[in-house]
Amino acid sequence: MRRKDREVTDRSEILAIMKQCDVCRIAFACDEYPYIVPMNFGLTETDGEVTLYFHSALEGKKLRALQQNPKVGFEMDRGHELIVGQSACDCTMAYESVIGYGTMEILGENEKEKALGFLVAHYRESEEIVFEKAILDKTAVLKLTVEKMTAKRLTK
(Lines give C-alpha, C1' and ligand atoms only; values in the text may rest on other atoms or scores of the structure.)
Protein backbone atom coordinates (compact mmCIF):
# COMPACT_ATOMS: atom_id res chain seq x y z
CA MET A 1 0.00 0.00 0.00
CA ARG A 2 1.45 3.30 -1.09
CA ARG A 3 -0.16 5.52 1.59
CA LYS A 4 0.84 3.70 4.78
CA ASP A 5 -0.28 6.74 6.78
CA ARG A 6 -3.88 5.96 5.76
CA GLU A 7 -3.75 2.19 6.12
CA VAL A 8 -6.06 0.51 8.62
CA THR A 9 -4.51 -2.71 9.90
CA ASP A 10 -6.59 -3.57 12.95
CA ARG A 11 -8.95 -6.39 11.92
CA SER A 12 -11.77 -5.18 14.19
CA GLU A 13 -11.56 -1.68 12.67
CA ILE A 14 -11.70 -3.12 9.15
CA LEU A 15 -14.78 -5.15 10.05
CA ALA A 16 -16.36 -2.07 11.64
CA ILE A 17 -15.89 -0.15 8.37
CA MET A 18 -17.43 -3.02 6.41
CA LYS A 19 -20.42 -3.21 8.73
CA GLN A 20 -21.13 0.48 8.16
CA CYS A 21 -21.04 0.23 4.35
CA ASP A 22 -24.28 -0.25 2.48
CA VAL A 23 -22.97 -1.31 -0.96
CA CYS A 24 -20.24 -3.70 -2.02
CA ARG A 25 -18.96 -3.49 -5.59
CA ILE A 26 -17.99 -6.84 -7.08
CA ALA A 27 -15.55 -7.01 -10.00
CA PHE A 28 -15.97 -10.09 -12.16
CA ALA A 29 -13.35 -11.11 -14.74
CA CYS A 30 -15.24 -12.05 -17.87
CA ASP A 31 -15.10 -11.63 -21.60
CA GLU A 32 -12.89 -8.78 -22.78
CA TYR A 33 -13.52 -6.31 -19.94
CA PRO A 34 -14.05 -6.50 -16.18
CA TYR A 35 -17.68 -6.35 -15.07
CA ILE A 36 -18.37 -4.37 -11.89
CA VAL A 37 -21.68 -4.59 -10.07
CA PRO A 38 -22.82 -2.70 -6.95
CA MET A 39 -24.61 -5.13 -4.64
CA ASN A 40 -26.26 -5.29 -1.25
CA PHE A 41 -24.46 -7.69 1.06
CA GLY A 42 -24.31 -9.46 4.37
CA LEU A 43 -21.18 -10.49 6.19
CA THR A 44 -19.91 -12.93 8.75
CA GLU A 45 -16.57 -13.43 10.42
CA THR A 46 -15.76 -16.82 11.89
CA ASP A 47 -12.35 -17.86 13.20
CA GLY A 48 -10.73 -15.00 11.30
CA GLU A 49 -12.41 -15.85 7.97
CA VAL A 50 -14.58 -13.12 6.46
CA THR A 51 -17.45 -14.20 4.23
CA LEU A 52 -19.70 -11.91 2.19
CA TYR A 53 -23.14 -12.93 0.94
CA PHE A 54 -25.12 -11.53 -2.00
CA HIS A 55 -28.38 -12.30 -3.76
CA SER A 56 -29.01 -12.46 -7.48
CA ALA A 57 -31.44 -13.57 -10.13
CA LEU A 58 -30.99 -17.17 -11.24
CA GLU A 59 -29.52 -16.08 -14.56
CA GLY A 60 -27.69 -13.12 -16.03
CA LYS A 61 -24.27 -11.67 -16.64
CA LYS A 62 -23.06 -12.05 -13.03
CA LEU A 63 -23.69 -15.77 -13.00
CA ARG A 64 -22.23 -16.27 -16.47
CA ALA A 65 -19.11 -14.38 -15.37
CA LEU A 66 -18.90 -16.44 -12.20
CA GLN A 67 -19.05 -19.65 -14.22
CA GLN A 68 -16.12 -18.41 -16.32
CA ASN A 69 -14.01 -17.40 -13.33
CA PRO A 70 -14.91 -17.68 -9.61
CA LYS A 71 -12.11 -15.27 -8.60
CA VAL A 72 -13.52 -11.79 -7.91
CA GLY A 73 -12.45 -8.47 -6.47
CA PHE A 74 -14.54 -6.30 -4.17
CA GLU A 75 -14.64 -2.73 -2.90
CA MET A 76 -16.77 -0.87 -0.38
CA ASP A 77 -16.50 2.65 1.02
CA ARG A 78 -18.22 5.11 3.28
CA GLY A 79 -17.89 8.42 5.12
CA HIS A 80 -17.35 10.66 2.13
CA GLU A 81 -16.85 14.30 2.96
CA LEU A 82 -15.11 16.96 0.91
CA ILE A 83 -12.19 18.63 2.67
CA VAL A 84 -11.66 22.04 1.10
CA GLY A 85 -8.24 23.67 1.21
CA GLN A 86 -7.08 27.22 0.52
CA SER A 87 -6.99 26.78 -3.25
CA ALA A 88 -9.11 24.85 -5.74
CA CYS A 89 -6.30 22.30 -6.15
CA ASP A 90 -5.94 21.87 -2.40
CA CYS A 91 -8.97 19.65 -1.81
CA THR A 92 -9.30 16.04 -0.79
CA MET A 93 -11.98 13.66 0.38
CA ALA A 94 -12.48 12.06 3.77
CA TYR A 95 -13.38 8.36 3.43
CA GLU A 96 -13.02 4.84 4.72
CA SER A 97 -12.64 1.99 2.23
CA VAL A 98 -11.99 -1.72 2.06
CA ILE A 99 -10.81 -3.58 -1.02
CA GLY A 100 -9.99 -7.22 -1.45
CA TYR A 101 -10.46 -10.39 -3.40
CA GLY A 102 -11.53 -13.95 -2.99
CA THR A 103 -13.45 -16.83 -4.46
CA MET A 104 -17.19 -16.69 -5.07
CA GLU A 105 -19.58 -19.59 -5.31
CA ILE A 106 -23.29 -20.15 -5.75
CA LEU A 107 -24.80 -21.68 -2.64
CA GLY A 108 -26.98 -24.77 -2.69
CA GLU A 109 -30.65 -24.76 -1.78
CA ASN A 110 -30.06 -25.87 1.81
CA GLU A 111 -27.70 -22.92 2.49
CA LYS A 112 -29.70 -20.09 0.92
CA GLU A 113 -31.98 -19.14 3.78
CA LYS A 114 -29.25 -18.82 6.41
CA ALA A 115 -27.07 -16.76 4.06
CA LEU A 116 -29.96 -14.46 3.13
CA GLY A 117 -30.52 -13.97 6.85
CA PHE A 118 -27.01 -12.46 7.12
CA LEU A 119 -27.83 -10.13 4.23
CA VAL A 120 -31.11 -8.92 5.71
CA ALA A 121 -29.54 -8.53 9.17
CA HIS A 122 -26.94 -6.17 7.69
CA TYR A 123 -29.68 -3.68 6.81
CA ARG A 124 -32.30 -4.12 9.49
CA GLU A 125 -32.81 -5.60 12.90
CA SER A 126 -35.45 -8.26 13.05
CA GLU A 127 -36.47 -10.81 15.61
CA GLU A 128 -37.28 -13.46 13.05
CA ILE A 129 -36.67 -13.47 9.33
CA VAL A 130 -38.96 -15.71 7.29
CA PHE A 131 -38.41 -16.15 3.56
CA GLU A 132 -41.19 -17.34 1.29
CA LYS A 133 -40.35 -20.51 -0.61
CA ALA A 134 -41.44 -18.89 -3.89
CA ILE A 135 -38.84 -16.14 -3.38
CA LEU A 136 -36.10 -18.61 -2.41
CA ASP A 137 -36.85 -20.69 -5.50
CA LYS A 138 -36.13 -17.76 -7.83
CA THR A 139 -33.12 -16.36 -5.95
CA ALA A 140 -29.47 -17.29 -6.30
CA VAL A 141 -27.33 -16.68 -3.23
CA LEU A 142 -23.63 -15.99 -3.73
CA LYS A 143 -20.92 -16.57 -1.13
CA LEU A 144 -17.60 -14.74 -1.35
CA THR A 145 -14.85 -16.22 0.80
CA VAL A 146 -12.43 -13.33 1.33
CA GLU A 147 -8.80 -14.32 0.79
CA LYS A 148 -7.21 -10.90 1.24
CA MET A 149 -8.39 -7.40 2.07
CA THR A 150 -6.90 -4.04 2.93
CA ALA A 151 -8.43 -0.86 4.28
CA LYS A 152 -7.68 2.86 4.18
CA ARG A 153 -9.03 5.87 6.00
CA LEU A 154 -8.69 9.62 5.76
CA THR A 155 -10.62 11.59 8.34
CA LYS A 156 -11.11 15.30 8.74
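## The main core

Let's start in the middle of things: the largest nonpolar core has 31 residues, and among these Met18, Ile26, Leu52, Phe54 and Phe74 touch the most other members. Keep in mind that you are looking at a predicted model. At least two residues of this core come from each of helix H1 (11-20), strand E2 (24-29), strand E3 (34-39), strand E5 (49-56), helix H2 (61-68), strand E6 (71-83), strand E7 (92-106) and strand E8 (140-154). The biggest giver is E8, with six residues.

## Around Phe54

Which residues does Phe54 contact, once neighbours within four places in sequence are left aside? They are Cys24, Ile26, Met39, Asn40, Phe41, Met104, Leu119, Ala140, Val141, Leu142 and Leu144.

## One side of helix H2

Now have a look at helix H2, where Lys62, Leu63, Ala65 and Leu66 are buried. These residues lie on the same side of H2 because they cover an arc of only 160° around the axis. The buried residues of the helix pack against E2, E3, E5, E7 and E8.

## A buried lysine

Lys62, which sits in helix H2, deserves a visit of its own. Lys62 is buried but has no salt bridge. How far away is the nearest side chain of opposite charge? That side chain belongs to Glu59, and it is 11 Å away. Not counting residues up to four places away in sequence, Lys62 touches Phe28, Tyr35, Val37, Met39 and Ser56.

Methods. Residues numbered from 1 in each chain as written. Predicted model: local features only at pLDDT ≥ 70, side-chain atom pairs only at ≥ 80, totals over all residues. Heavy atoms only, no water. Core = buried A, V, L, I, M, F, W, Y, C linked by side-chain atoms within 4.5 Å. Buried < 20%, exposed > 50% of the residue type's maximum accessible area, 1.4 Å probe, protein only. Helix = DSSP H or I, 4+ residues; strand = E, 2+ residues; numbered from the N terminus. Contact = heavy atoms within 4.5 Å. Lys, Arg positive; Asp, Glu negative; His and termini not counted. Salt bridge = Lys/Arg side-chain N within 4 Å of Asp/Glu carboxyl O. Arc of directions from axis to C-beta.
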